[in-house]
Every structure is written in C-alpha cells, then in structure tokens.
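This briefing gathers computed features of the structure shown below, grouped by topic for a reader who will check them against the coordinates.

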Amino acid sequence: MRIKSTIIFWLSVAVFTILSGTLYAMEVETLVRDAVNYYRGNASFSIVDMTIHRPGWERTLTIKAWTRGEKDSMFTIIAPPKDNGNGTLKKGKEMWMFNPRVNRVIKLPPSMMSQSWMGSDFSNNDLAKSDSIIDDYTHKITSTETHDGKKVFVITSMPKPDAPVVWGMQRLRIREDLIFLSQEFYDEDLLLVKAMTGTKIQMIGGKLFPRVWKMQKADKKDEYTMLEYRELLFKENLPGDLFTLSSLKNPGR
Amino acid sequence: MSIEIKMAWRNIWRNSRRSVLTILAIVFATMLLVFMLSFQFGSYDTMINTAVKIHTGHVQVQAEGYRDKMDIRLVVPDPAAVDDVIKDIPGVEAYTARTNAFSLVSSSNRTYGVLLTGIDPEREPRVSTLKKLVRRGKYLAQKDTNMALVGELLAGNLKVDIGDELVVLGQGRDGSVAASVLKVKGIFSSGEDKFDRNSIQIPLGYFQDVFSMHGAVHEVVVLGRSLEDVKKIKQKLEAGVSSIDNDGNPAVLDWMELMPGLVQSIKLDLVSGLIMYVILIVVIAFSILNTFLMAIFERTREFGVIMAIGMTPGRLMKSLFLESVTITLIGIILGIISGGMVTWYFQGHGILISGASELLNQYGLPERMYPQLSALSVSVGACIVLIITILTAIYPVLKVRHLRPVEAMTAV
C-alpha cells in the first residue's frame, strides 16, 4: 500500500511537472505573439521623425509609413525637401526603392536586406517587423522586473535549430499589458550587437504605445538612430493597391 | 709572391680537372642565386608598380580613419590646399584627387553593390593606368557629366554595354539620397578580378554634385618618380599637410599602409624563397666540402714528405687555405659574370610564364616577368656562397694540423 501510494504520488508529480512545463511554454509563446501583434496591429499608418546621430553629425528625416500584416510595408520620405519623395516598398522578401529625381525604381537584391536603411542603424529587415521572432525562436521567461508599477517579463529567445536567422540570441522585455519595452540582438557568441528600446509610453493611435524608439549598436556609445512617432493610426486593413510599384512612384495620396 | 701563394696556385692546376669541377659547382650556385634573387626582386617591383598604378598611387592624403571605415563623411575638405603642398615636393611625378562611395547600381533588371569612384579625367591618366585599361568605348573627357567607365566583369553581371543606362542610388556626404542615371561610356579591364567586378568610375565634378561633396574629396593620390622617393615624399607631405588649417588632421599613408595585403604576400613569397635557397646552399656546401676533403686526404703522403723536409703545419695550412679561397673566388667571380649576363638577357626580353596567367591575374601581374638586376640581388647571393664555401674549406684544412710526418708518409 505504502509503496503504491508513493508511486502514485511521484507519478502525479511528474505528470504535473510536464503539464505545467508545456503550459508554461505555451504561455510564453502566446505572450510574445500577442505582444508582436499588439505592436504591429493589422495595418497601420504613421508619420515618424527618424534622427540618425553620429559623432559630430546628426540628421533628421520625416517618413510616412504604411504597414499591412507582416509582409507589406511602404515608406516615403517627406522631409527634408531634398529627399522628398524617396520611397521604399517591401512585399514579403522583395524590396524596391524609388528616387523621384531620376524617376527610377531599383529592386534591392536579397543580399542587401541586412544592410542599413537610409544610413540608419535600422536594417531593411528591422523595418519589416517580420514574424521571425515568433516562428524562428523558442522563448523562455528568465526573470521579471517592474516598470511603472506593472510586471515586465524578460524573455530569452534562442533560435530554433536550422532557423534562417542571423542572431544567436534575442532578449525581449514585454510588459504585462503586451507593450514591447526592448529588444536586444546578440551574435553567435552571445555578445550584445545592438538594442532597440521603446520609451515615452503614451496613448497614441488608440492604444498605449512607446512613442520613441531608439536603436543603438552595443560598441558605439554616441551612434544611434531614434524614431519618434508624430502620428500613428492602427487600422483594420489598408487597400492592397497601396503596396504596389505605381503607388511607390506616386506617394502623394 | 710568397712561397705559400705560389704553392697554392700550382696545386690548383696540378689536378686541373678536380679544380675545374669545384669551380663549376661554385659558378653554378652563384649564377643560380644571382638570377633567382633578381627574378624575385623583379617580380616584387612589377607587383608593387602594377598595384600602385591601378589603385593607390605611392602616397595618399586621406581623412584620419578613412582607410578603415570608407565613410563618405570622412573627407579632405580642401584638396586645393593639399595640391599646393604637393606641388613643391621634389620627386613627385603626378597627383590627382578621387572620391569614393558605396552605392547600389542597377541596370534594367539587375542590381549590385558597387564602389563608385569619382576621378579627374585629365589628371588621372598621369597617376594610374586606368585610361590604358579601357578596352571598349572611350575614356572620360574633361567636360563629361553622367558618363561612366564600368569594370568588364561588372558590365557582364549587369548585362550592359556601351551607351546603356545605369541607375545609381547611394547616400551623399550630408546623408541625403544621392541618385543619378549614368551612361556607360567605356568598359575597362585591369585583369584584377576584384577591381573589374565591383567598380565604376565617373567624373569627379559630377560625383561631387550628386553626392553633395561641396568640393571635398576622399583621397589625394600622389605618384612618385620611383619607389625610393616614397619615404621622402611622405615625410615632406606630412609636414606640409599638418600646417594646413583643417578641422582634424588628414593622414598621409604610403602604399604599404594602403595595401597591407600586398606587403604580406611579398613577405610570404620571400620566406618561401629563402627556404629554397637554404636547401640549395646546403646541397652545394656538401658537394664542395667533399671535393675539398678529397683533395686533402689523397695528398696525405705528400704532406708528410714536405713536413719532413721542414714545412711547418702553420705554413702548410696557410697554403691549403689559400688554395681553397682562390678556387672559391674564381668560381664566384665567374658566377657573378655569367649570372649577371643571363639575368641581363632576360631583363631585356622577359620570361613568359605561360599557363599561370589566371593565378598571376589575381595579383594583377602581367604574363611576362622581368628580372631586375641590382647591386643587392648580385651581392647577396655571391656573399652567401662565399661565406659558406670558406666555412667548408676551413674544416679539411684544420685536419692537417694533427698530421704526424712519419705516419703521413706511410699512409696510402
């Protein structure tokens, strides 16, 4: 009897551990997925000031941006006047750039996707807000912090074996109300390469959202790129003909 | 003439066949070393000159840190002031200015990342071979604007020919978007794949417009009359440039700093050459040691006799040593003459290295190589042979010291 009950006890402990383990894993997956969806929305329109800061040099661009789902996005520079009308269209893995002065569209080779966008610290891939962080990584909550009285989950994301990613690890900070606070990118040796942090959380576009995003390379203290949302609207959908080459050439609408 | 010298001279020609063979071994070794060293130094000269003429010039003035980062914002703001400094430096053959920017270049259906270089169409040919490398179409003219010279491999990749259009998209010095439509005017081929695959040359003035350079350049390129002038030019340039009132000191770099890869490959080649020479010299040293040893052992009886009639071991050693030294000197002098003549012939005619042209092209080398006869290449080889032969000659001579006349006379 005694032996039997001990066995049952340990079996139930084991079952409980396994169950809670998977439950826990699913919870983290859901948390990350929900946070990405919250951050991205179904579709969005925004006007952003992008400030590129370098030692002894700084430059600010104003960009109109449209995004739809994880695949389609379009950016058009509206200021300074010299660069007005320069645009970038991204559909899935393909990307085009348009310059109004020469009135031509250039298709970017895939090898350029990890290059910086317009000389900033954001790569073309960063702008895409892709599903990669959900699909290609396994997540684990490593600790919790508090921020403005709310719980913040620190999540360590390791790439799945064979996932086509460039990072060796990512570390996410997600607040319990699904707001992304930071995303850190590590290389294969688990050294920090660059980090994106969101600050000034405000009501914008109908929900709480970090108004300012800063992307900074780890080894360069006085080089960073800052995005500040002037306007942000989340939408249910955007018309498909917005994300076409002809709309890239006529960004007036 | 002392008796020892007389004896040494007579002993050499007493067995003339043996002496001639020994001399020939030395002649051959010296000749080979003179030729090989001249050939090696000659190929280095060709490598350096070719590379210097295609890319870097002998000395460059750039903004501090530009070489490592190639950042378009790191500029020499006032190239005219640098030109004024260069003008007064003796030993300068020619100089020009260049600008560079990494850009996207796109033909109707292909896009590549390319190094776009702005060149002064008039001054560039005096510094580099670019004008001669234009194989099809024409070189740039002074008043050209959106004309481009495209590397042959790049033109193939982009699938463009003379007269076709290329769209360029990059970032200007002020961070703005730089865009332009270029027309292919000429196609160049340097033979160096890397250069032909990713570079486009456009007129400097047009580059400065498109990339908002405001008159600034990235490199002021100086070509000296010869490699030997480089050090002096660099020093004078450093002194002169630091007196120009600039924000931030421009850096003065010579070709060794501009092309560390070239310097390393020369060092590597020199070391592998050195190993070859060591092996060659060891083989020759042993064959000479052998003949010297034989020459003394087969005369043991004779030494016994002359020592018995009063020759001291010291004088005998002196005479034998003089014998070896004379043979060595004759060999080396003949070797230098014949080696010099062979080298001189090929210096005029060149050596065709057929079948290795692809390998050579990677280093930008021509198929025909020219050895370069110099005081260094002649003397180094000869000196090494001299030292080794004399060292080998000492050992058998020292053996004579222990000869006892009575025992020696009875030796077979």
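This is a predicted model: local features need pLDDT of at least 70, side-chain atom pairs count only at pLDDT 80 or more; totals for chains, interfaces and linings use all residues.

## A buried asparagine and its surroundings

A:N99 has a relative accessibility of 3% and therefore counts as buried, the cut-off for that class being under 20% relative accessible area.

**A:N99**

- A:N99 belongs to strand β5 of chain A, which covers residues 94-99.
- A polar atom of the A:N99 side chain lies 3.1 Å from the backbone nitrogen of A:V102.
- Apart from residues up to four places away in sequence, A:N99 touches A:N86 and A:R104, and it also touches B:L169, B:V177 and B:A179 from the other chain.

**The interface of chain B and chain A**

- About 1,600 Å² is buried between chain B and chain A, and 61% of this area is on carbon and sulfur atoms.
- Chain B brings 18 residues to the contact, while chain A brings 19 residues.
- Nine residue pairs, with both members at pLDDT 80 or more, are in polar contact between chain B and chain A.
- On the side of chain B that touches chain A, at least two residues each come from β2 (92-106), β3, β6 (165-171) and β7 (177-188) of chain B.
- Two salt bridges are found across the interface of chain B and chain A, and in a salt bridge between the side chains of B:D174 and A:K82 the N to O distance is 2.9 Å.

**B:T111**

- B:T111 is placed in strand β3 of chain B, which runs over residues 111-119.
- With a relative accessibility of 11%, B:T111 falls under the 20% limit and so counts as buried.
- When neighbours within four places in sequence are left aside, B:T111 is in contact with A:I106, A:K107 and A:P109 of chain A, as well as with B:L104, B:V105 and B:S106 of its own chain.
- A polar atom in the side chain of B:T111 lies 2.7 Å from the backbone oxygen of A:K107, and the side chains of B:T111 and B:S106 are joined by a polar contact of 3.3 Å.
- Between B:T111 and B:I351 the separation is 240 residues in sequence and 42 Å in space, taken from C-alpha to C-alpha.

**Chain A as a whole**

- Chain A contains four helices and 13 strands, and of its 253 residues 45% are buried.
- Of the contacts in chain A between residues at least 6 apart in sequence, 44% join residues that are at least 24 apart.

- B:W9, B:W13, B:V20, B:L21 and B:L24 make a nonpolar surface patch of about 510 Å², to which α1 (3-14) and α2 (16-56) of chain B are the elements that give two or more residues.
- The most is given by α2(B), with three residues in the nonpolar patch.
- B:V20, one of the patch residues, lies in helix α2 of chain B, and its relative accessibility of 37% makes B:V20 count as partly exposed.
- B:T300 lies in helix α13 of chain B, residues 300-308, and is buried, with a relative accessible area of 15%.
- Not counting residues up to four places away in sequence, B:T300 touches B:L403, B:A408 and B:A411.

**Backbone geometry in chain A**

- The peptide bond joining A:A79 and A:P80 is cis, with omega about 0 degrees, and A:P80 is located in the loop between β3 (72-79) and β4 (87-91) of chain A.
- A:D162 is not a glycine but has a positive phi of about 70 degrees; A:D162 is found in the loop between β8 (150-159) and β9 (169-175) of chain A.
- A:D162 counts as exposed because its relative accessibility is 80%, the class being set at over 50%.
- A:K200, likewise a residue other than glycine, has a positive phi near 55 degrees, and A:K200 lies in strand β11 of chain A, residues 192-204.

Note on methods: Residues are numbered from 1 along each chain as its sequence is written. Chains are lettered from A and ligands numbered from 1 in the order in which they are written. Side-chain values use heavy atoms; hydrogens and water are left out. Buried means under 20% relative accessible area, exposed over 50%, partly exposed in between (1.4 Å probe, protein chains only). Contact means heavy atoms within 4.5 Å. A polar contact is a pair of N or O atoms within 3.5 Å; within protein, one must be able to donate a hydrogen and the other to accept it, and residues adjacent in sequence count only if both atoms are side-chain atoms. Patches are made of residues with over 30% relative accessible area and no salt bridge: like charges are joined within 9 Å, nonpolar side chains (Val, Leu, Ile, Met, Phe, Trp, Tyr) within 5 Å. Accessible areas come from the Shrake-Rupley method with a 1.4 Å probe; for residues, only the protein chains shown count as cover. A salt bridge is a side-chain nitrogen of Lys or Arg within 4 Å of a carboxyl oxygen of Asp or Glu. Buried area is the accessible area (1.4 Å probe) that two parts lose on being put together, summed over both.
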